[in-house]
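Morning, everyone. I have one structure to go through today, and I will keep to what can be computed from it. Please bring it up on your screens.

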Amino acid sequence: MQYQILWADDEIDLLKPYIMFLRGKGYEVTPVNSGADALEEVEKGKFDVVFLDENMPGMTGLEVLPHIKQMKPNLPVVMITKSEEEHIMEEAIGSKIADYLIKPLNPNQILLSVKKILDKKRLEEEKTNLSYQQEFRQLSMQYQDRIDYQEWTEIYKKLLFWELEIDRTENKSMAEVMNMQKAEANANFSRFIRENYEDWLNNPKADKPLLSHQLMRKKVFPLVKEQSPLFFLLIDNLRYDQWKILEGLIQDYFTVEEEAAYYSILPTTTAYARNAIFAGMMPAEIEKQYPKHWVQDLGDSEDEEGFNQHEEFFLQEQVRRSRLNWKVSYNKIIHNNQGKHLVENFNRLLQNHLNVIVYNFVDMLSHARTDMAMIKELAPDESGYRSITASWFTHSPLFDLVKKISDKKGRLVITTDHGMIRVQNPVKIVGDRSVNTNLRYKQGKNLNWDSDDHVLVCRKPERFFLPKVNVSTAYVFTMEDYFFAYPNNYNHYVSHYRNTFQHGGVSLEECIVPFVYLTAK
C-alpha cells in the first residue's frame, strides 16, 4: 500500500531533499506552499497524513488546522514549526494534532513521525505477535508443572496481558492460538482446584489463597482509618480482564496502591460468594449461625438477588464481631436511578469510616446477554463483552461516583465476588425439580451426569462448608467451559445457552478475581 502525504510549507522548495527521501521510502508526497492550497488539496484529494507548517504567510498552520479537521476529522495532521513557544504547542495539541515537529528537521525524525502514524498498527501487531510467540512455550511449560495458587494467579495475569495485547491488534491474527492456550491452562487449573480446594478449607496448615470469607477481615478492615473514609466498591460478576479495562478509564483520577487477587469460594455465585464476603463466614457457617437469614438455593429460585437480601445485616454483624466501633454504610445499586441518587447524596457518605457499595450492572448484563439477541450481537465474545462494559462504565453514575471520591481525596477498593466464563460444551445431567437452575453447578439428591471428566463432585457438602438441604445432598460443579444441560429438549437447550457467559463453576475466569486498592491523585 502506497501512503499519500500532503506537505504544506511556504518554503516547500527548500524541503525537496526531505520529499525525495520520503518518496525513496515508498511514500507519495504532494507539496503545496500555502494554507489555502492545502485546504484545496484536502477537499479534492485522499491523503493519509498532512504535514503543516505553523508559520506560513496568509493562513497560518494553526488557522488551517481547524478547517482540515472540519472537512476530514480523522485525517492525521503533523504540525511543523520553528517556534518552541509553549502556547503554540498547547494550541496545536488541543486541536488534536497527531504529532509536533520542530525545525530544523532531519530525515529520520520525519520518517519516525510517518511510521508512528501510518504504520503503527502493523508494527505493533508484528511485535505483539512475535513477543507472544516467544512467551507461548514458557507459559505452557509453567502450567504443565505442579504449581501453587500464587503461580496460577501470575499465569492467569500473564495470559490476560497477552489476550488484551492481541485484542488491541488490528487483525487479531494470534487470537485463536491465544484461546487454545487459555483453554489448555483452564483444563490444568480445574484439575488443580479439584485436587486442592477441599484441603484448603479443612487443613489449617495447607498453603492456600485468600478466600471470599476472609476478604473483609484480612484486606478491607485494615485499610479503614479514622481520618479518611474508605469506599468499598463491589462490582458483581467483574472478571479480571474487565477490571483492566476499567483501570484505563479511572487512571486519571486514582493511583493503584495495590493490585492483588483472591479466590472465590465454590460455588462461584452471588448467593454463596458474596454472602461469604459480607458475613466473614463460609455458607454452612452462615446457615448455622443465622438460619433465618440464609435462603436455600432450590429449583424454583431463579433470581440471584433473592439470595442476597441480608448482606447489610451480615456486614454489620461481622463489624460487631470484630469489635470495631465504626460508622458503616451499605448501598446496593440495581437500577440506574439508584446510582444517580447515591451520587446526588454523596456528601453524607463522607461522615462514615467505611462505605460499602454493591453495583449489580455487570451481573445483569451477563444475564441479559443470555436472553437478548441484541446484547449477544453487541458482546459476541470476550472482546465485545469488555467493550460493552467499558461503554456502560463511561456513561454510568458509577463513574460519576468514582470521580467524586477522587475529588474528595477519598480512598477506594474495587473488587468483585466472582467472575464468569463463556461456556461452550454441555454435560448431560438428570435431577428432580428441587435441583437449582444454575448452569455451572447443581446441588440436590439423586443427581446423575454423563461424564466425570469435566466436573468437580462434592458428595460431602460439609467438607466444602456448604449447606445440606437433606442427608443425601451433593454438589457438582462444571469445570473449564462446560455447562449442565438436561436431556429433555437437549438440542434447543444447548443451542440457547452455548456461547453465553455463566458463573458458578471452576475456571480461571470465575475463581481468580481482582482486589484493588486505590488512592486519589
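Before anything else, a contact in this talk means heavy atoms within 4.5 Å. Helices (H or I, at least four residues) and strands (E, at least two) are DSSP runs, numbered from the N terminus.

Now the caveats. This is a predicted model, where local features need pLDDT of at least 70 and side-chain atom pairs count only at pLDDT 80 or more, while totals for chains, interfaces and linings use all residues. Residues are numbered from 1 along each chain as its sequence is written, and side-chain values use heavy atoms, with hydrogens and water left out.

The overall picture comes next. The chain has 20 helices and 19 strands, and its C-alpha trace spans about 90 × 55 × 45 Å along the principal axes. I call a residue buried under 20% relative accessible area, exposed over 50% and partly exposed in between, using a 1.4 Å probe and protein chains only. On that scale, 54% of the 521 residues count as buried. Of the contacts between residues at least 6 apart in sequence, 74% join residues at least 24 apart.

Let me start with helix α2, residues 35–44. Which of its residues are buried? They are Gly35, Ala38, Leu39, Glu41 and Val42. They sit on the same side of α2 because they cover an arc of only 165 degrees around the axis, the arc being that of the directions from the helix axis to the C-beta atoms. The cover over these buried residues includes the strands β1 (4–8), β2 (28–32) and β3 (49–53), and also helix α3 (61–71). On the face of α2 turned away from the buried side are the exposed residues Glu43 and Lys44.

Next, a residue inside another helix. Tyr132 belongs to helix α6, residues 120–144, and is buried, with a relative accessible area of 0%. Leaving aside neighbours within four places in sequence, Tyr132 is in contact with Trp162, Ile166, Met174, Val177, Met178 and Gln181. Tyr132 and Glu163 are 31 residues apart in sequence, and their C-alpha atoms are 9.5 Å apart in space.

Glu85 is partly exposed, at 46% relative accessible area. Its C-alpha atom and that of Phe484, 399 residues apart along the chain, are separated by 66 Å.

Now a helix pair. The axes of α11 (residues 270–279) and α13 (residues 311–321) come within 7 Å and cross at roughly 35 degrees. Here the axes are lines fitted to C-alpha atoms, for helices over the stretch in contact, and angles run from 0 to 180 degrees between N-to-C directions. From α11, the contact is made by Arg274, Asn275, Ile277, Phe278 and Ala279, and from α13 by Glu311, Phe314, Leu315, Gln318 and Arg321. These residues divide into five nonpolar, two polar and three charged.

On to backbone geometry. Most residues other than glycine have a negative phi, and most peptide bonds are trans. The bond from Lys103 to Pro104 is cis, with omega near 0 degrees, and Pro104 lies in the loop between β5 (99–102) and α5 (107–118). The bond from Leu266 to Pro267 is also cis, with omega near -5 degrees, and Pro267 is in the loop between β7 (254–263) and α11.

Two asparagines have a positive phi. For Asn237, phi is near 70 degrees; this residue is in the loop between β6 (230–235) and α10 (240–250) and is buried, with a relative accessible area of 0%. For Asn499, phi is near 75 degrees; this one is in the loop between α19 (490–497) and β18 (501–502) and is partly exposed, at 27%.

That is the list.

Key:
Nonpolar A, V, L, I, M, F, W, Y, C, P; charged D, E, K, R; others polar.
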